[in-house]
Amino acid sequence: MEERRSGFDVLEPFRITQAPPTVFYFPNFITESEEALLLQQVYTAPKPKWVHLSGRRLQNWGGLPHPRGMVAESLPDWLQKYALKISSFGLFDGKVANHVLVNEYCPGEGIMPHEDGPLYFPTVTTISLGSHTMLDFYHPVSKEQEGDSEQVTKPQTEEERHFLSLLVEPRSLLVLREDMYEKYLHGIKNVSSDVISEKVANIACCSAKPGETLNRETRVSLTIRHVPKVLKTTIILGRRK
(Lines give C-alpha, C1' and ligand atoms only; values in the text may rest on other atoms or scores of the structure.)
Protein backbone atom coordinates (compact mmCIF):
# COMPACT_ATOMS: atom_id res chain seq x y z
CA MET A 1 0.00 0.00 0.00
CA GLU A 2 2.88 2.41 0.69
CA GLU A 3 4.08 2.11 -2.91
CA ARG A 4 0.63 2.86 -4.24
CA ARG A 5 0.26 5.96 -2.04
CA SER A 6 3.65 7.30 -3.11
CA GLY A 7 2.60 6.99 -6.75
CA PHE A 8 -0.67 8.78 -6.07
CA ASP A 9 1.23 11.59 -4.37
CA VAL A 10 2.48 12.66 -7.79
CA LEU A 11 -1.11 13.12 -8.98
CA GLU A 12 -2.63 14.51 -5.79
CA PRO A 13 -2.00 18.18 -6.71
CA PHE A 14 -4.03 17.56 -9.88
CA ARG A 15 -7.15 16.16 -8.18
CA ILE A 16 -10.37 17.92 -9.25
CA THR A 17 -12.32 18.35 -6.02
CA GLN A 18 -15.32 19.90 -7.80
CA ALA A 19 -16.13 16.49 -9.33
CA PRO A 20 -17.20 13.19 -7.72
CA PRO A 21 -14.40 10.72 -6.93
CA THR A 22 -12.09 10.60 -8.70
CA VAL A 23 -10.72 12.91 -11.38
CA PHE A 24 -7.08 13.89 -11.85
CA TYR A 25 -6.37 16.49 -14.53
CA PHE A 26 -2.67 17.03 -15.32
CA PRO A 27 -2.20 19.92 -17.82
CA ASN A 28 0.94 19.85 -19.97
CA PHE A 29 1.66 16.25 -19.04
CA ILE A 30 3.72 16.04 -22.23
CA THR A 31 5.69 18.69 -24.12
CA GLU A 32 4.91 20.13 -27.54
CA SER A 33 7.79 18.13 -29.05
CA GLU A 34 6.45 14.91 -27.50
CA GLU A 35 3.00 15.74 -28.86
CA ALA A 36 4.42 16.25 -32.36
CA LEU A 37 6.32 12.94 -32.23
CA LEU A 38 3.24 11.05 -31.02
CA LEU A 39 1.08 12.53 -33.78
CA GLN A 40 3.74 11.56 -36.31
CA GLN A 41 3.69 7.97 -35.05
CA VAL A 42 -0.12 7.83 -35.16
CA TYR A 43 -0.31 9.08 -38.73
CA THR A 44 2.55 6.95 -40.06
CA ALA A 45 0.99 3.75 -38.65
CA PRO A 46 0.09 1.14 -41.30
CA LYS A 47 -3.26 1.87 -42.94
CA PRO A 48 -4.76 -1.49 -41.80
CA LYS A 49 -4.40 -0.29 -38.18
CA TRP A 50 -7.19 2.24 -38.76
CA VAL A 51 -10.75 1.12 -38.06
CA HIS A 52 -13.46 3.42 -39.44
CA LEU A 53 -16.57 3.93 -37.33
CA SER A 54 -19.51 6.26 -37.72
CA GLY A 55 -18.23 9.59 -36.47
CA ARG A 56 -14.55 8.76 -35.95
CA ARG A 57 -11.72 6.36 -36.71
CA LEU A 58 -9.44 4.53 -34.31
CA GLN A 59 -6.45 2.27 -33.81
CA ASN A 60 -6.15 -0.62 -31.31
CA TRP A 61 -2.72 -1.33 -29.84
CA GLY A 62 -1.97 -4.19 -27.43
CA GLY A 63 -4.72 -6.49 -28.66
CA LEU A 64 -8.51 -6.55 -28.96
CA PRO A 65 -10.29 -6.66 -25.58
CA HIS A 66 -12.85 -9.47 -25.40
CA PRO A 67 -14.99 -10.93 -22.57
CA ARG A 68 -13.11 -14.23 -22.90
CA GLY A 69 -9.78 -12.46 -22.69
CA MET A 70 -7.44 -10.38 -24.81
CA VAL A 71 -4.76 -11.99 -26.95
CA ALA A 72 -2.01 -9.61 -25.93
CA GLU A 73 0.41 -7.99 -28.36
CA SER A 74 3.42 -5.93 -27.33
CA LEU A 75 2.90 -2.19 -27.41
CA PRO A 76 5.27 -0.30 -29.73
CA ASP A 77 8.02 1.65 -27.97
CA TRP A 78 6.36 5.01 -28.61
CA LEU A 79 3.30 3.91 -26.63
CA GLN A 80 5.04 1.66 -24.09
CA LYS A 81 6.96 4.70 -22.83
CA TYR A 82 3.75 6.39 -21.69
CA ALA A 83 2.09 3.18 -20.52
CA LEU A 84 5.03 2.68 -18.14
CA LYS A 85 5.06 6.32 -17.00
CA ILE A 86 1.34 6.37 -16.21
CA SER A 87 1.46 2.94 -14.56
CA SER A 88 4.25 4.17 -12.27
CA PHE A 89 1.63 6.32 -10.50
CA GLY A 90 0.04 3.14 -9.13
CA LEU A 91 -3.21 3.64 -11.03
CA PHE A 92 -3.58 -0.05 -11.96
CA ASP A 93 -2.77 -1.59 -8.55
CA GLY A 94 0.82 -2.35 -9.47
CA LYS A 95 0.01 -3.68 -12.94
CA VAL A 96 1.28 -2.07 -16.16
CA ALA A 97 -1.12 -0.73 -18.76
CA ASN A 98 -1.28 -3.14 -21.68
CA HIS A 99 -3.78 -1.55 -24.08
CA VAL A 100 -3.98 1.77 -25.92
CA LEU A 101 -6.95 2.94 -27.96
CA VAL A 102 -6.13 5.77 -30.36
CA ASN A 103 -9.18 7.82 -31.39
CA GLU A 104 -9.23 10.57 -33.99
CA TYR A 105 -11.98 13.19 -33.71
CA CYS A 106 -12.37 15.78 -36.46
CA PRO A 107 -14.27 19.02 -35.67
CA GLY A 108 -17.95 18.19 -35.25
CA GLU A 109 -17.29 14.55 -34.36
CA GLY A 110 -17.94 13.06 -30.93
CA ILE A 111 -19.11 9.94 -29.15
CA MET A 112 -22.45 9.19 -27.49
CA PRO A 113 -22.64 8.89 -23.67
CA HIS A 114 -21.30 5.49 -22.63
CA GLU A 115 -19.39 3.60 -19.95
CA ASP A 116 -16.15 1.73 -20.58
CA GLY A 117 -17.41 -1.49 -19.03
CA PRO A 118 -15.94 -4.45 -17.14
CA LEU A 119 -13.27 -5.54 -19.63
CA TYR A 120 -10.86 -3.00 -18.19
CA PHE A 121 -9.39 -2.29 -14.78
CA PRO A 122 -11.70 0.45 -13.41
CA THR A 123 -9.40 3.34 -14.28
CA VAL A 124 -9.10 5.14 -17.60
CA THR A 125 -6.23 7.48 -18.48
CA THR A 126 -6.17 9.68 -21.57
CA ILE A 127 -3.48 11.82 -23.21
CA SER A 128 -4.92 14.35 -25.68
CA LEU A 129 -3.09 15.55 -28.78
CA GLY A 130 -3.74 18.32 -31.30
CA SER A 131 -6.86 19.97 -29.91
CA HIS A 132 -9.07 20.42 -26.88
CA THR A 133 -12.42 18.73 -26.37
CA MET A 134 -15.24 18.92 -23.85
CA LEU A 135 -15.95 15.67 -22.03
CA ASP A 136 -19.50 15.61 -20.66
CA PHE A 137 -20.76 13.45 -17.78
CA TYR A 138 -24.28 12.15 -17.29
CA HIS A 139 -26.28 10.35 -14.67
CA PRO A 140 -27.52 7.02 -16.06
CA VAL A 141 -31.23 6.79 -16.83
CA SER A 142 -32.81 6.39 -13.39
CA LYS A 143 -35.33 3.75 -12.41
CA GLU A 144 -38.10 4.22 -9.88
CA GLN A 145 -39.89 1.58 -7.91
CA GLU A 146 -43.58 1.25 -8.71
CA GLY A 147 -45.53 -1.05 -6.40
CA ASP A 148 -43.70 -3.97 -4.85
CA SER A 149 -41.93 -5.53 -7.82
CA GLU A 150 -42.32 -3.61 -11.08
CA GLN A 151 -39.59 -1.20 -12.16
CA VAL A 152 -40.40 1.60 -14.58
CA THR A 153 -37.77 3.65 -16.38
CA LYS A 154 -38.23 7.35 -15.75
CA PRO A 155 -38.07 9.31 -19.01
CA GLN A 156 -35.13 11.73 -18.93
CA THR A 157 -33.47 13.72 -21.65
CA GLU A 158 -29.73 13.68 -22.13
CA GLU A 159 -29.60 17.35 -21.14
CA GLU A 160 -31.46 16.66 -17.89
CA ARG A 161 -29.00 13.92 -16.98
CA HIS A 162 -25.90 16.04 -17.73
CA PHE A 163 -24.29 17.27 -14.51
CA LEU A 164 -20.72 18.38 -15.29
CA SER A 165 -18.09 18.77 -17.99
CA LEU A 166 -14.31 18.62 -18.12
CA LEU A 167 -12.29 20.74 -20.52
CA VAL A 168 -9.59 18.44 -21.90
CA GLU A 169 -6.73 20.44 -23.39
CA PRO A 170 -4.00 19.23 -25.74
CA ARG A 171 -0.99 17.62 -24.03
CA SER A 172 -2.99 16.97 -20.85
CA LEU A 173 -3.47 13.71 -18.94
CA LEU A 174 -6.96 12.92 -17.66
CA VAL A 175 -7.53 10.13 -15.12
CA LEU A 176 -10.98 8.83 -14.17
CA ARG A 177 -11.46 6.36 -11.32
CA GLU A 178 -14.05 5.12 -8.81
CA ASP A 179 -17.49 6.77 -9.18
CA MET A 180 -16.46 8.79 -12.22
CA TYR A 181 -15.56 5.55 -13.98
CA GLU A 182 -18.18 3.18 -12.56
CA LYS A 183 -21.34 5.22 -11.90
CA TYR A 184 -21.57 7.83 -14.64
CA LEU A 185 -21.66 7.95 -18.42
CA HIS A 186 -19.27 10.14 -20.41
CA GLY A 187 -19.44 11.40 -23.96
CA ILE A 188 -18.40 14.12 -26.41
CA LYS A 189 -21.01 16.17 -28.24
CA ASN A 190 -20.95 16.39 -32.03
CA VAL A 191 -20.12 20.09 -32.16
CA SER A 192 -17.36 22.21 -33.68
CA SER A 193 -16.95 24.63 -30.76
CA ASP A 194 -17.42 24.69 -26.99
CA VAL A 195 -18.56 27.46 -24.68
CA ILE A 196 -16.85 27.42 -21.30
CA SER A 197 -19.59 27.41 -18.66
CA GLU A 198 -19.91 27.05 -14.89
CA LYS A 199 -20.39 23.29 -15.39
CA VAL A 200 -16.71 22.90 -16.37
CA ALA A 201 -15.39 21.41 -13.12
CA ASN A 202 -11.68 21.82 -13.89
CA ILE A 203 -11.76 25.38 -15.26
CA ALA A 204 -9.39 26.62 -12.53
CA CYS A 205 -6.69 24.33 -13.96
CA CYS A 206 -7.15 25.43 -17.58
CA SER A 207 -6.01 28.39 -19.65
CA ALA A 208 -9.55 29.12 -20.94
CA LYS A 209 -11.90 31.44 -19.06
CA PRO A 210 -15.66 31.21 -18.32
CA GLY A 211 -17.71 32.52 -21.22
CA GLU A 212 -14.95 31.89 -23.76
CA THR A 213 -15.74 29.97 -26.97
CA LEU A 214 -13.14 27.46 -28.16
CA ASN A 215 -13.12 26.12 -31.72
CA ARG A 216 -12.20 22.46 -32.05
CA GLU A 217 -9.52 21.21 -34.40
CA THR A 218 -8.63 17.58 -35.11
CA ARG A 219 -7.95 15.81 -31.84
CA VAL A 220 -6.20 12.48 -31.28
CA SER A 221 -6.66 10.78 -27.91
CA LEU A 222 -4.48 8.04 -26.46
CA THR A 223 -6.64 6.05 -24.02
CA ILE A 224 -4.23 4.00 -21.93
CA ARG A 225 -5.74 1.19 -19.83
CA HIS A 226 -5.08 -2.19 -18.27
CA VAL A 227 -6.96 -5.27 -19.48
CA PRO A 228 -6.80 -7.79 -16.59
CA LYS A 229 -7.96 -10.85 -18.53
CA VAL A 230 -5.24 -11.81 -20.98
CA LEU A 231 -5.04 -15.08 -22.89
CA LYS A 232 -1.67 -16.77 -23.06
CA THR A 233 -1.02 -18.36 -26.43
CA THR A 234 1.76 -20.78 -27.28
CA ILE A 235 2.91 -21.03 -30.86
CA ILE A 236 4.98 -24.05 -31.79
CA LEU A 237 7.01 -23.56 -34.93
CA GLY A 238 8.07 -26.65 -36.88
CA ARG A 239 11.71 -26.99 -37.82
CA ARG A 240 13.04 -28.18 -41.09
CA LYS A 241 15.75 -30.80 -40.98
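## Overall architecture

The protein contains five helices and 17 strands; helices (H or I, at least four residues) and strands (E, at least two) are DSSP runs, numbered from the N terminus. The structure is a predicted model, in which local features need pLDDT of at least 70, side-chain atom pairs count only at pLDDT 80 or more, and totals for chains, interfaces and linings use all residues. Residues are numbered from 1 along each chain as its sequence is written, and side-chain values use heavy atoms, with hydrogens and water left out.

Of the 241 residues, 46% are buried. Here buried means under 20% relative accessible area, exposed over 50%, and partly exposed in between (1.4 Å probe, protein chains only). The protein exposes about 13,500 Å², of which carbon and sulfur atoms supply 53%; these areas come from the Shrake-Rupley method with a 1.4 Å probe, and for residues only the protein chains shown count as cover. Among contacts (heavy atoms within 4.5 Å) between residues at least 6 apart in sequence, 79% join residues at least 24 apart.

## Nonpolar cores

In soluble globular proteins, nonpolar side chains tend to be buried together. A nonpolar core is defined as a set of buried Ala, Val, Leu, Ile, Met, Phe, Trp, Tyr and Cys residues joined through side-chain atoms within 4.5 Å. The largest such core has 31 residues, and Ile127 and Leu222 touch the most other members. Elements that give two or more residues to this core include α1 (2-11), α2 (32-43), β7 (123-129) and β16 (219-225). The largest share, five residues, comes from α3. A second, separate core of 29 residues includes Ala19, Met70, Ile111 and Ile196.

Beyond its neighbours within four places in sequence, Leu222 is in contact with residues including Leu38, Val42, Leu79, Val102, Thr125 and Ile127.

Thr125 belongs to strand β7 and is buried, at 0% relative accessibility. A polar atom of the Thr125 side chain lies 2.6 Å from the backbone oxygen of Ile224. Not counting residues up to four places away in sequence, Thr125 touches Ile86, Phe92, Val175 and Leu222, among others.

## Cysteines

A disulfide is a covalent bond between the sulfur atoms of two cysteines; the criterion applied is a pair of cysteine sulfur atoms within 2.5 Å. A search of the whole structure finds zero disulfides. For Cys205, the nearest cysteine sulfur is that of Cys206, 6.2 Å away. Cys205 is partly exposed, with a relative accessible area of 34%, whereas Cys206 is buried, with a value of 9%.

## Backbone details

Most residues other than glycine have a negative phi, and most peptide bonds are trans.

| Residue | Phi | Relative accessible area |
|---|---|---|
| Asp93 | near 55 degrees | 41% |
| Arg171 | about 75 degrees | 18% |

Asp93 is located in the loop between α3 and β5 and is partly exposed. Arg171 is located in the loop between β11 (162-168) and β12 and is buried.

The peptide bond joining Pro21 and Thr22 is cis, with omega about -10 degrees. Thr22 is found in the loop between α1 and β1.

Technical notes:
A polar contact is a pair of N or O atoms within 3.5 Å; within protein, one must be able to donate a hydrogen and the other to accept it, and residues adjacent in sequence count only if both atoms are side-chain atoms.
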